Amino acid sequence: MEATKKLKKSVLIKQRKEQEKAQVGGASTAKLLNCPTSPRKMRLVVDLIRGQKVENALYILKHTGKEAAVRVEKLLLSAIKNWEAKNEGASVEDGGLFVKEVSVGGGRQLKRLRPAPQGRGYRIRKRSNHVTLVVDSLNNVNN
């Protein structure tokens, strides 16, 4: 009979995620989904911290006057905590963490109508975005 059984795609994806979680060390990610800010405004903030060391990035976000900076700061702290959980016993200071990747994509749009002259309605698109932040250690990059 057939020795290898073909698995569903969803099962394969689940197995791959479990293998990634089992790996000790390496980069860790954090995602922010459906954030009610336009992607363009979020990219202005995200571009400031791309490639920066974590301590420097937190300082930049703390002193940036934009609303999106508060959300990105919270996301960065979450990514740091994820890295700490993945690398038990390692400290953030010794690891030399830096922001490896940050990407902003468009999320869903809420479509609303605003009354306009002569019985018309103008469409308003309330945009949202998805942010993915990857934090990695300088020690892992050099190896």
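1. Strands β3 (residues 110-115) and β4 (residues 121-126) run antiparallel and are joined by 6 bridges. Strands here are DSSP runs of E, at least two residues long; helices are runs of H or I, at least four residues, and both are numbered from the N terminus. Two strands pair if DSSP finds at least two bridges between them. Pro115 has Gly121 of β4 as its bridge partner. The hairpin has 5 residues between the strands, and Gln118 takes a positive phi near 60 degrees.

2. A note on the basis. This is a predicted model, where local features need pLDDT of at least 70, side-chain atom pairs count only at pLDDT 80 or more, and totals for chains, interfaces and linings use all residues. Residues are numbered from 1 along each chain as its sequence is written, and side-chain values use heavy atoms, with hydrogens and water left out.

3. How many of the 6 residues of β3 are buried? The number is 0, so β3 lies largely in the open. Buried means under 20% relative accessible area, exposed over 50%, and partly exposed in between (1.4 Å probe, protein chains only).

4. The largest nonpolar core has 25 residues. Such a core is a set of buried Ala, Val, Leu, Ile, Met, Phe, Trp, Tyr and Cys residues joined through side-chain atoms within 4.5 Å. Met42, Leu76 and Leu133 have the most contacts inside this core. At least two core residues come from each of β1 (28-35), α2 (39-49), α3 (54-62), α4 (67-86), β2 (97-106) and β5 (129-137). α4 gives the largest share, 8 residues.

5. Leu76 touches Val54, Ala57, Leu58, Leu61, Val99, Leu133 and Val135, not counting residues up to four places away in sequence. Contact means heavy atoms within 4.5 Å.

6. Gln52 sits in the loop between α2 and α3. Its relative accessible area is 25%, so Gln52 is partly exposed. Gln52 touches Ala57, Ile60, Phe98 and Val99, again leaving out residues up to four places away in sequence. Gln52 and Lys100 are 48 residues apart in sequence, yet 8.1 Å apart in space, C-alpha to C-alpha.

7. The second largest pocket holds about 150 Å³ of space. A pocket is an open set of points on a 1 Å grid over the protein atoms alone, where a 1.4 Å probe fits, with protein on both sides within 12 Å along at least five of seven lines; lining residues have an atom within 4 Å of a point. The lining has 4 nonpolar, 2 polar and 5 charged residues. Among them are Lys41, Lys66, Glu67, Arg71 and Arg127. α2 and α4 each supply at least two lining residues.

Methods
Grid points are joined across faces, edges and corners, and a volume is the space filled by probe spheres set on the points. Ala, Val, Leu, Ile, Met, Phe, Trp, Tyr, Cys and Pro count as nonpolar, Asp, Glu, Lys and Arg as charged, and the others, Gly among them, as polar.
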